[in-house]
Amino acid sequence: MTDIPSDTRTAAPSAGEEGAAPRARAAVRPADPAAERRRARRSRRYRRDVKWSPYVLIAPFFLFFLAFGLFPLLYTGWASLHRVELGTPTDMEWVGLRNFSRLLDDDFFWNALRNTFTIGVISTVPQLLMALGLAHLLNYRLRGSMFFRVAILTPYATSVAAATLVFVLMFSRTDHGMINWGLGLVGIDAVDWQNGDWTAQFAVSAIVIWRWTGYNALIYLAAMQAIPKDLYESAALDGASRWQQFRHVTVPSLRPTILFTCVVSTIGATQLFGEPLLFSQGASPTGGSDHQFQTLGLYLYEQGWFNQHLGRASAIAWTMFLILVLIGLLNWVISRRIRRNA
């Protein structure tokens, strides 16, 4: 038996090398063109999905805004420059700023503007003060605090019509009204709430206060819970009482939130409509027998849907819009000053 020279001897491949060879051949095997096309299509779909899906998700909001927000705004702006009646909205006669100039000479417009302002002040100031006090009480540990938080929000969830009709019964001019019944117990004569100037405005304001106090209280409560506890602990170490902590810690920290609720409440008061409409007998848009609680919203409704002067009603609507723009600018100026001082 002859020996095989070492230079011509070949080593047998091991088991691992035998397994690696098919994998290497598979790696260098050309890819399937159909599979490559499928991967490319999936990649393109993924890129399109990432790029366009956010726009598709927010598209319904913009479609509804264009249909029910921007278009009515532009149409009423165009109609306010024309003489147009509700029955024939396509027959427009150009009058320029005549509808706006007539408002300056209209005593009913100024009466509605004055009523809107007074009702707004009577309802907003007590409402926000009560909301701030309720939020301060709920901010401390109370047994059943969750129940009270839900309870104070219940008026906000109540229908405007249901709440107003209940208050109409309460402020009834007869002795059957709960308010006059209570006044009679202390020897005060019955008050004709609906036909008096200030009494009617106070009654309408009471409805607004009842509905919105809890809503603002929860906003204040959320802002109070975001105040760092270290501030209260430092004030307590300095000997500050709870009232002093409320004045010098809570209220300064709530300035942006208080400004926000003031602006929102002012906007709501400018648009006040349902409460004074239903408080009047027969749901009349005149706001009482002598227009004593007719707001801008009711005056717009009366001009456009009862007198059918659509152009004049559009001018009132744009006047209200400009008032809200001024309120927004005032809010921006005050908030900038607050941030600068902070």
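Reader: Hi! Where does Thr 261 sit, in terms of helices?
Author: Thr 261 is in helix H11, with helices here being DSSP runs (H or I, at least four residues), strands being E runs of at least two, and both numbered from the N terminus. Before we go on: this is a predicted model, where local features need pLDDT of at least 70, side-chain atom pairs count only at pLDDT 80 or more, and totals for chains, interfaces and linings use all residues. Residues are numbered from 1 along each chain as its sequence is written, and side-chain values use heavy atoms, with hydrogens and water left out.

Reader: Thanks! And is Thr 261 buried or exposed?
Author: Buried, because its relative accessibility is 1%. The cut-offs are under 20% relative accessible area for buried, over 50% for exposed and partly exposed in between, with a 1.4 Å probe and protein chains only.

Reader: Which residues is Thr 261 in contact with?
Author: Leaving aside neighbours within four places in sequence, they are Leu 128, Asn 216, Ile 219 and Tyr 220. Contact means heavy atoms within 4.5 Å.

Reader: How many Å separate the C-alpha atoms of Thr 261 and Gly 297?
Author: Their C-alpha atoms are 21 Å apart, and the two are 36 residues apart along the chain.

Reader: Nice. What about Ser 265, which helix is that in?
Author: Ser 265 is also in H11, which covers residues 255-270. Ser 265 counts as buried because its relative accessible area is 11%.

Reader: And what does Ser 265 touch?
Author: Not counting residues up to four places away in sequence, Ser 265 touches Thr 124, Gln 127, Leu 128 and Asn 216. Leu 128 and Asn 216 are among the contacts of Thr 261 too.

Reader: Let's switch to Thr 118. Where is that one?
Author: Thr 118 lies in helix H4. With a relative accessible area of 15%, Thr 118 is buried. Beyond residues up to four places away in sequence, Thr 118 touches Trp 198 and Gln 201.

Reader: On to the largest nonpolar core: how many residues does it have?
Author: It has 17 residues, and those with the most contacts inside it include Leu 132, Ala 135, Tyr 220 and Met 224. A nonpolar core is a set of buried Ala, Val, Leu, Ile, Met, Phe, Trp, Tyr and Cys residues joined through side-chain atoms within 4.5 Å.

Reader: Which helices supply at least two residues each?
Author: For this core, those are H4 (107-139), H8 (197-225), H9 (229-237) and H10 (242-253). Apart from it lies another core of 14 residues, with Leu 183, Val 204, Ala 206 and Val 208 among them.

Reader: Now Val 166: what's its accessibility class?
Author: Val 166 is partly exposed, as its relative accessibility is 45%. Its place is in helix H6, residues 160-170.

Reader: Zooming out, how many helices and strands are there?
Author: The protein chain has 14 helices and two strands.

Reader: What radius of gyration does the chain have?
Author: The value is 35 Å, whereas a compact globule of 342 residues would be near 20 Å. That is taken over C-alpha atoms, and the globule rule is 2.2 Å times the number of residues to the power 0.38. The C-alpha atoms fill a box of roughly 140 × 70 × 45 Å along the principal axes.

Reader: Last one: what share of the residues is buried?
Author: Buried residues make up 33% of the 342 in the protein chain.
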